[in-house]
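I am opening a notebook page on this structure.

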Amino acid sequence: MTQTASDTPPLADLLRMHRIFGLLSDDTQKKLADTLKAKPVAAGAQACTPAALQQQLHWLVTGSVHLLDGQQQPVITLYPGELFGLQADGVAGVEECQARTDCTLVSMDHALVDALQTELPALSLLLPRGSTGATSTQSSPRGAPGGTDPALNLMTTPVRALIKRAPITLPPHTSIRDAAKLMSEQRVSSVLIVEQEHLFGVVTDRDLRNRVIAAGMDSTRPIMDIATLAPLSIDVQNPAFDALLLMARHNIHHVPVLDGQRIVGMITATDLTEQHSTSAVYLAGDIYKQSTVEGLQRASTKIKRLQQSLAAAEASAYSTGHIITAITDAITTRLLQLGEAQLGPAPIDYVWVAAGSQARNEQTAKSDQDNCMVLDDRYDEAVHGPYFKALSQFVCDGLDACGYIYCPGEMMAMTDTWRQPQKRWADYFARWTSQPDPKALMLTCVFFDLRAIHGKSELLDNLRGDVLKRTQGNTLFLAHMVGNALTHQPPLGMFKGISTIRSGEHKGTIDLKHTGVVPIVDLARIYALAGGDAAVNTHDRLTSAAAGGAISEQSARDLRDALEFIAYTRIQHQARQISRAESPDSFLNPADVSNFERSQLKDAFTVVQSLQSVLAQRYRH
């Protein structure tokens, strides 16, 4: 039942329990409770005007609201406790705020928000961007603390900072009724099941709805009967961004927080107040609710809008890549679940593996599919072949329907060659590393960047371990890899100016993917192969290369910065294309960016070219 205004707790209690406003002094909370007014809004009505979205901070107390775009399509759905507004330059892609259910809203003007930030400067890190007062972040450089990246606070803030209260725990024998009563009294959406200080499970309000009320279960039974056992958890020192990805990838909204083995709290999706980033959690949740490929296809249309929102908020390429890839992982996993529901359980263990940009967590809204399957060595083609052929065909066809086009080189699990038992994959890599002809080098580039998506991940872990042993210190193979990498040169002319494509469909542009991002990806891959480093993400590989001495700390930093700027420019370019209803690509006309940005691109390309030359000298043969 929807909570009405008369059911809403006193504003003083809500302020005290809120993870942001609860940080204010008791006197300030009392003044706010006396002066602020809670505004009830009926379902379907306009919750606030476009002007109010720009000029005020809004706190959703009860119910839920949609932020809608110009086509009246939801950009994001917000839930109780979330904050939005204060967008001095307008809300990216948002034209209207509409009540999804009956809801209650509290609004604050700029002057009040600035006064609160003056009392507690740390609030500027937690509130939506755009306040124009002394603590405004508008002038902060992109990527700097307090800047405009909506995922930045999540990446730099430890999970510990999100915990507002001690964990609500119950022993396993507690009845369902008593647990529900405690959750109501404490105004929490979940409780942890704990025995002798060990976490056994978690029960959420969704469990009460779906497993008790809807199923007609006896409420006197113990909560262990409806709990999620051995729940995924996160360490108190991890960045909050890790919690966001955990929720998005596994379709969960509650994550227990541990300090070692000790339980210290619980965080929820609504605790992650960065609206654009958190929308990935809700989009992933929508994906896991779909029961057909057609439903997944409809859900996948929101990915471009998500990238637009992240680009408009100036999210870093690093965080955008992780968030967009988390959605691809969710679609892939759901397709595998639907395939298994249709075909029956897999007859032997397998792991579905992403390759390329998905494996590296570097996807954008414009991606084809690269994937494969590693099967248990008990695989018998006559017995098991038809099942895995049908499953892989179902998933690859589903990905194509969702906008991830078939790989032009057919490097997909639906291709028989790339759906093999572990021992056959070991043979592939042994041959590629011992006889590095051009095709072998190309395949190594694709299939060294691998990440398990669904299934028995040990099958891939063991394989990657063997491959790294073969490549570490293998100078002949590495020299060939360097030669192959040098075929992707940054677009610099003889006098170090930016050189555009001279003819064809993309004349007058530069290819930000193949001559910008790919050369850095290639360099980082070689560092990883040479050092036996298991990292897959390019940023992480460069960090590991510096730690291992393969390159200097300064060179690693220069390459990371170059990658971030080129990839960020590509994402912004694609967002502009999406806003014009064009198909996004990687071909940028340098005239479309400022002189300053062109200068930065040239500097980034020069860094890459310089480090390519260093590597060529190192492996000269």
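I take a cavity to be a set of grid points where a 1.4 Å probe fits but cannot get out. The model I am reading is predicted.

**Cavities.** I looked for cavities of 30 Å³ or more and found four. Helix H12 (317–343) and helix H13 (356–359) each supply at least two lining residues. I then sorted the lining of this second largest cavity by class: three nonpolar, seven polar and two charged residues.

**Aromatic rings.** I counted 14 aromatic pairs. One of them joins Trp 418 and Trp 425, with 5.9 Å centre to centre and 35° between the planes. I noted this pair as tilted. Is Trp 418 buried or exposed? Trp 418 is buried, because its relative accessible area is 9% and buried means under 20%. Trp 425 is buried too, at 0%.

Next I followed Trp 418 to Phe 447. Their ring centres are 4.6 Å apart and their planes lie at 40°, so this pair is tilted. The pair links distant parts of the chain, 29 residues apart. Trp 418 sits in the loop between helix H14 (381–401) and strand S18 (419–421), and Phe 447 in helix H16. Phe 447 is buried, at 0% relative accessibility.

I also traced a cluster linked by ring pairs: Trp 418, Trp 425, Tyr 428, Phe 429, Trp 432 and Phe 447.

**Charge over a ring.** I found Arg 464 over the face of Phe 448, at 5.0 Å from the ring centre.

How values were computed: Residues numbered from 1 in each chain as written. Predicted model: local features only at pLDDT ≥ 70, side-chain atom pairs only at ≥ 80, totals over all residues. Heavy atoms only, no water. 1 Å grid on protein atoms, 1.4 Å probe; cavity = no way out; pocket = protein on both sides within 12 Å on 5 of 7 lines; lining within 4 Å. Points joined across faces, edges and corners; volume = space filled by probe spheres on them. Helix = DSSP H or I, 4+ residues; strand = E, 2+ residues; numbered from the N terminus. Nonpolar A, V, L, I, M, F, W, Y, C, P; charged D, E, K, R; others polar. Phe/Tyr/Trp six-rings, centres within 6.5 Å; stacked < 30°, edge-to-face > 60°. Buried < 20%, exposed > 50% of the residue type's maximum accessible area, 1.4 Å probe, protein only. Lys NZ or Arg CZ within 6 Å of the ring centre and 35° of its normal.
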